[in-house]
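This report examines a protein model with attention to its strands and its aromatic rings. Please view the sequence and the structure before reading on.

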Amino acid sequence: MKTQSDPVRRRWRIARAPGRLPLAGHALHLARRPLEYLSSLPALGDLVELRLGTRLTYLPCHPELVQDVLLNARVYDTGGPVKEKARPILGNGLITSDWADHRRQRRMVQPAFHTTRIATYAEVMREECATHAETWRPGRPVDVGDAMQALTARVTARALFSTEMAPQSVAEVQRSLPVMVRGAFRRALDPTGLIARLPLAANREFDAALDRLHTLIDGIVGDYRRSGEDRGDLLSALLAARDDEDGGALTDREVHDQVMTLLLAGVETTASALTWAWHLLATQPEAEARLHAEVDEVLGGRTPTYADVPKLAHTQRIFTETLRLYPPAWMFTRMTTQPTELAGQRLPAGTDILISPYVIHRMPEFFPRPEAFDPDRWVPERAGDVTRGSYLPFGAGSRKCIGDVFGMTEATLALAALASHWRLRPVPGTTVSPRAEMSLTAGPLPMVPERR
């Protein structure tokens, strides 16, 4: 990848975002039209100052500045209003834990995503993709978003909880997780914290869904503890994990919080990106035809396995480009733990930093024709020209998504397995636009399966 090699100190442009309102600051703009508003800010400067409520916040609008933040996790720790609202929901897991806790947790959880474990999880992915391919009927519309949520929920639950636990677990995850995600997003964007305290039906529904998920996870963790059996799944790996430095194990509370985190990250994000991939393929006949040619050549009609993933190069590039255009983690936050400097701007401790992959991925300085769906951006001879730090669907640094290989493997197998048998066509009159919720979703997306 291209790096910034100019030895001359860069002259960064610092700007203030327009439209600040009393008390709310820029929070209403982010709540009403976050993608449009954030995307307008790079034209103003490389580092743009905002206020969320009264909180001082900055948006880095250059990959070099984003890298400065993400590669210095001690100074720019996880934090800000999103984390504060997420911690009561997710607990102290990998997404929400502070630097010291995260460092320990990462060491202990990483073995659960070792290559040998991914190969085991891929067998679950293969089985679920094959089963899902049989549920569609020619000419009968399906909501692709719901279909991908169902698929990723089954894969994630089985990878987490093993085959025997799947039927009960998947049903509860599919029922409760979307409610939790919607409620968490509403709370994250409320700078006052008042919405969560109002006696609204949505709040009661959210609380009930969260209670059900907590109860489900506690019951499963207790069952695993009592059996002491390694069932070859993620939860077994978490329970077996030991800290290399002190030999300690994860407590039940820590395991619970990691499971909640992995459920949220494993279901919602991959499902959103797969949904966008099917939409994009339906609008790009050439990319779709090359996908069909590749899966026909590599698979010959059979369901793909883990060993096929390296051979499905175009399939992987389709998903990589989908993540560029519609990164599920469209925005996340960091907070300065001490006074520091970014782009020459002094930042006091407690300053919030917004990182938006959606904004960075669509900057024409780094991606020519940024709005175009072009999987060939990622062929080896072109991918080397991508500026370092300009592509970050999984984040970067020590907090880079621990499940990035899991997610890419799952998406590659799902696209290949379903495209071996089906093509999806839009329902006439359907309007698709991104919804910036907890992840970047397409909303309802009815499409008609056609047998190939």
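This is a predicted model: local features need pLDDT of at least 70, side-chain atom pairs count only at pLDDT 80 or more; totals for chains, interfaces and linings use all residues.

How many bridges join β5 to strand β13? Two bridges join them, and the two strands run antiparallel. Residues are numbered from 1 along each chain as its sequence is written, and side-chain values use heavy atoms, with hydrogens and water left out.

**The sheet**

Strands are DSSP runs of E with at least two residues, and helices are runs of H or I with at least four, numbered from the N terminus. Two strands pair if DSSP finds at least two bridges between them. An open, antiparallel sheet has the strand order β5-β13-β10. Its edge strands, β5 (142–143) and β10 (422–426), each pair on one side only. Aspartate 143 stands opposite proline 446 in β13.

**The aromatic rings**

The structure holds six aromatic pairs. Rings of Phe, Tyr and Trp (its six-membered ring) pair if their centres lie within 6.5 Å; planes under 30 degrees apart count as stacked, over 60 as edge-to-face and the rest as tilted. Two of the pairs are tabulated below.

| Pair | Centre distance | Plane angle | Class |
|---|---|---|---|
| Phenylalanine 113 and phenylalanine 406 | 6.4 Å | 75° | edge-to-face |
| Phenylalanine 367 and tryptophan 378 | 6.2 Å | 50° | tilted |

Phenylalanine 367 is buried (under 20% relative accessible area; exposed is over 50%, partly exposed in between, with a 1.4 Å probe and protein chains only), at 2%.
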